[in-house]
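Colleague: Please show me the model, and then let me ask how each label was assigned.

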Amino acid sequence: MIIAGPCAAESRSQVLASAIMAKERGVEIVRASLWKPRTRPEFDGVQEAGISWLEEVTQLGLTPATEVLNESNAEQVVNRIAGGLGKDVLIWIGSRNQNHLIQRHIGEIAKGERHVKVLIKNQPWPDLSHWLGIVDHVVNGSGDSSQIILCHRGFSPGTNGLRNNPDFEMAMQVKAETGLPMLIDPSHMGGTREKVLDVIKQAQEFNINGVGFDGLMIEVHPNPEEAWTDKLQQLSWDQFDQAVRI
Ligand code: PEP
Ligand code: MN
């Protein structure tokens with residue numbers, strides 16, 4: 001499973017250009033987040049204004065994906081895309097969203113919605129039981145773990161030039177204990193294009209007794225130099241082609 005696209009949705013044309021480039025490569029799920037958690041107050045996403053761009057992504061036969069920060073964000077996306085259009089959509093809970101009531105409520109919003117998948121990223125600090133707990137909260141809400149996908153985005157602070165440190169073994173433990181698919185997010189581990197490419201290689205080579213990651217979620221921007229967020233780590237589509245080769 002590959003989820004690729006820009007960190008943040010910036011404009012209708014940027015989202016649609018990303019979707020077209022994804023489609024040309026057989027990538028079926030396009031990320032372009034409408035809401036962005038930020039360390040300091042700055043651009044925090046185009047928010048509701050971009051839902052219609054995600055609706056247009058579905059017209060290309062693709063599944064749009066966005067982070068949701070709260071129940072209201074989740075409801076709007078689910079109601080318009082899964083409910084209104086009857087199209088698939090993926091919503092994700094980001095690493096900084098560690099309020100378990102919000103996690104559970106987002107699960108409840110997805111409950112019974114066959115067009116909705118919920119991706120859960122790990123929390124920023126390394127703690128196996130907290131990570132398993134997030135999954136439990138969401139599954140308690142949705143009542144159906146077949147909608148859930150997990151994603152390892154590394155732990156803070158990163159060392160050796162990384163933005164966040166991977167812990168492949170812990171990710172495999174969570175995959176084994178939950179029985180859920182585990183993607184890797186090399187973008188937020190790497191932090192720079194060069195390091196992102198290193199992490200992709202490590203993840204491709206990694207497996208324990210034949211078990212490894214089930215895919216990746218990666219930031220790819222039509223013009224990375226001009227990206228509004230996470231500019232240093234977003235790949236161009238050419239770099240994506242060289243590194244990922246579907
Ligand atoms: C993101 O995927 O753009 C993001 C904000 O990631 P994380 O929650 O892993 O920091
Ligand atoms: Mn990002």
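**Labels and their grounds**

Modeller: Beyond its neighbours within four places in sequence, Leu-235 is in contact with Arg-193, Val-196, Leu-197, Ile-200, Ile-218, Glu-219, Val-220, His-221, Pro-224 and Phe-240. This is a predicted model.

Colleague: What makes Leu-235 buried?

Modeller: Buried means under 20% relative accessible area. Leu-235 has 0%, so the residue is buried. Leu-235 sits in the loop between E8 and helix H9 (237-244). Its C-alpha is separated by 6.3 Å from that of Glu-219, 16 residues apart along the chain.

Colleague: Why is Leu-197 called partly exposed?

Modeller: Partly exposed lies between buried, under 20%, and exposed, over 50%. The relative accessible area of Leu-197 is 30%, so the residue is partly exposed. Leu-197 belongs to helix H8 (residues 193-205). Apart from neighbours within four places in sequence, Leu-197 is in contact with Leu-235 and Ala-243.

Colleague: What makes Ser-18 buried?

Modeller: The cut-off is again under 20%. Ser-18 has a relative accessible area of 0%, so Ser-18 is buried. Ser-18 is part of helix H1 (residues 12-24). With neighbours within four places left aside, Ser-18 is in contact with Pro-6, Pro-222 and Trp-237.

Colleague: How do you know that the buried residues of H4 line one face of the helix?

Modeller: In helix H4 (residues 100-110) the buried residues are Ile-102, Gln-103, Ile-106, Gly-107, Ile-109 and Ala-110. Viewed down the axis of H4, these buried residues fall within an arc of 160°, so they line one face. An α-helix has 3.6 residues a turn, so residues three or four places apart point the same way. The cover over the buried residues of H4 includes helix H3 (71-84), strand E4 (89-93), strand E5 (116-121) and helix H5 (128-142).

Colleague: What makes Asn-99 a cap of H4?

Modeller: A polar contact needs N or O atoms within 3.5 Å. A side-chain oxygen of Asn-99 lies 2.9 Å from the backbone nitrogen of Leu-101, and this caps the N-terminal end of H4. Just after H4, Gly-112 has a positive phi of about 75°.

Colleague: Which residues touch the most other members of the largest nonpolar core?

Modeller: Ile-91, Val-118, Phe-213, Ile-218 and Phe-240 do, in a core of 65 residues. Residues up to four places away in sequence aside, Ile-91 touches residues including Thr-66, Val-68, Ala-74, Ile-106 and Val-118. A second, separate core has 10 residues, among them Ala-65, Trp-92, Cys-151 and Leu-183.

Colleague: How do you know that Cys-151 is in no disulfide?

Modeller: A disulfide requires cysteine sulfur atoms within 2.5 Å. For Cys-151 the nearest cysteine sulfur, that of Cys-7, is 13 Å away, and Cys-151 is in no disulfide. The structure holds 0 disulfides. Cys-151 has a relative accessible area of 0% and is therefore buried. Cys-7, also at 0% relative accessibility, counts as buried.

Colleague: Why is Asn-160 called exposed?

Modeller: Exposed means over 50% relative accessible area. Asn-160 is at 69%, so Asn-160 counts as exposed. Asn-160 lies in the loop between E6 and H6, and has a positive phi of about 55° although it is not a glycine. In the loop between strand E6 (148-152) and helix H6 (168-178) there is also Pro-157, joined to Ser-156 by a cis peptide bond with omega about -5°.

Colleague: What makes Asn-209 exposed?

Modeller: The relative accessible area of Asn-209 is 76%, so Asn-209 is exposed. Asn-209 is in the loop between H8 and E8, with a positive phi near 50° in a residue other than glycine.

Methods: Residues are numbered from 1 along each chain as its sequence is written. Chains are lettered from A and ligands numbered from 1 in the order in which they are written. This is a predicted model: local features need pLDDT of at least 70, side-chain atom pairs count only at pLDDT 80 or more; totals for chains, interfaces and linings use all residues. Side-chain values use heavy atoms; hydrogens and water are left out. Buried means under 20% relative accessible area, exposed over 50%, partly exposed in between (1.4 Å probe, protein chains only). Helices (H or I, at least four residues) and strands (E, at least two) are DSSP runs, numbered from the N terminus. The arc is that of the directions from the helix axis to the C-beta atoms. Contact means heavy atoms within 4.5 Å. A polar contact is a pair of N or O atoms within 3.5 Å; within protein, one must be able to donate a hydrogen and the other to accept it, and residues adjacent in sequence count only if both atoms are side-chain atoms. A nonpolar core is a set of buried Ala, Val, Leu, Ile, Met, Phe, Trp, Tyr and Cys residues joined through side-chain atoms within 4.5 Å.
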